[in-house]
Amino acid sequence: MWEEAIYELSATYSQDEIRAIEGLFIGHRPQFTREEIAQRLRNSSTGNRVAEDLMRKKSIDFILRDLYRIGAIGNYFSSEESSAKQRWIFRGDPHLDESRSMGLHAALFKHLSIVRPKRQAA
């Protein structure tokens, strides 16, 4: 799936910028908040010209919306009606809710070296 993501992102981002975006997720938890990703981008931009330029040209919200638009990330959250809810573009939810927890699509876990969370025994 990451190859498809690269193809989609290449309409807006350079190959170096795509690698910088990829680096925001490699080896991290599958779920995250907007603030966590923004901090990772700030941290990675120190001494990294590509990440600095990316941060200057595009907001973190713009990047997250692009990743949502191509199906690489979705929203994960709990609600009063159910213990866990997910929002994805391919399920007909047209907009990412940046105020809620987000997560990577499970198809990206292996490529991005994401450790799958252990399921709780019922």
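**Confidence.** Begin by colouring the chain by pLDDT, since this is a predicted model. The protein chain has an average pLDDT of 89, and 91% of the residues score at least 70. Confidence is lowest in β3, with a mean of 88, and highest in α5, at 96.

**The sheet.** Next, select the four strands, which form an open sheet in the order β1-β4-β2-β3 with antiparallel pairing. β1 (31–32) and β3 (85–87) are the edge strands; each has a single partner strand, so one side of each lacks a neighbour in the sheet. Zoom in on β1 and on β4 (residues 102–104): the two strands run antiparallel and are joined by two bridges. Here Phe 32 is found opposite Met 102 of β4.

**Helix α1.** Select residues 2–9, which make up helix α1, and show the side chains of Trp 2, Ala 5 and Leu 9, which are buried. These residues span an arc of only 55 degrees around the axis, which places them on the same side of α1. To see what the buried residues of α1 pack against, display α2 (15–23) and α5.

**Helix α4.** Move to residues 49–57, helix α4, in which Val 50, Ala 51 and Leu 54 are the buried residues. Viewed down the axis of α4, they fall within an arc of 95 degrees and therefore line one face of the helix. Arg 49 and Arg 56 are exposed on the other side of α4. The cover over the buried residues of α4 includes α2, α3 (34–45) and α5. Which residue caps the N-terminal end of α4? Select Asn 48: one of its side-chain oxygens lies 3.1 Å from the backbone nitrogen of Val 50.

**A loop residue.** Finally, select Glu 98, in the loop between β3 and β4. Leaving aside residues up to four places away in sequence, Glu 98 touches Arg 34, Asp 61 and Arg 65. With Arg 65, the contact is a polar one between the two side chains, at 3.0 Å.

Conventions
Residues are numbered from 1 along each chain as its sequence is written. This is a predicted model: local features need pLDDT of at least 70, side-chain atom pairs count only at pLDDT 80 or more; totals for chains, interfaces and linings use all residues. Side-chain values use heavy atoms; hydrogens and water are left out. Two strands pair if DSSP finds at least two bridges between them. Buried means under 20% relative accessible area, exposed over 50%, partly exposed in between (1.4 Å probe, protein chains only). The arc is that of the directions from the helix axis to the C-beta atoms. Contact means heavy atoms within 4.5 Å. A polar contact is a pair of N or O atoms within 3.5 Å; within protein, one must be able to donate a hydrogen and the other to accept it, and residues adjacent in sequence count only if both atoms are side-chain atoms. pLDDT is the predictor's confidence in each residue, from 0 to 100.
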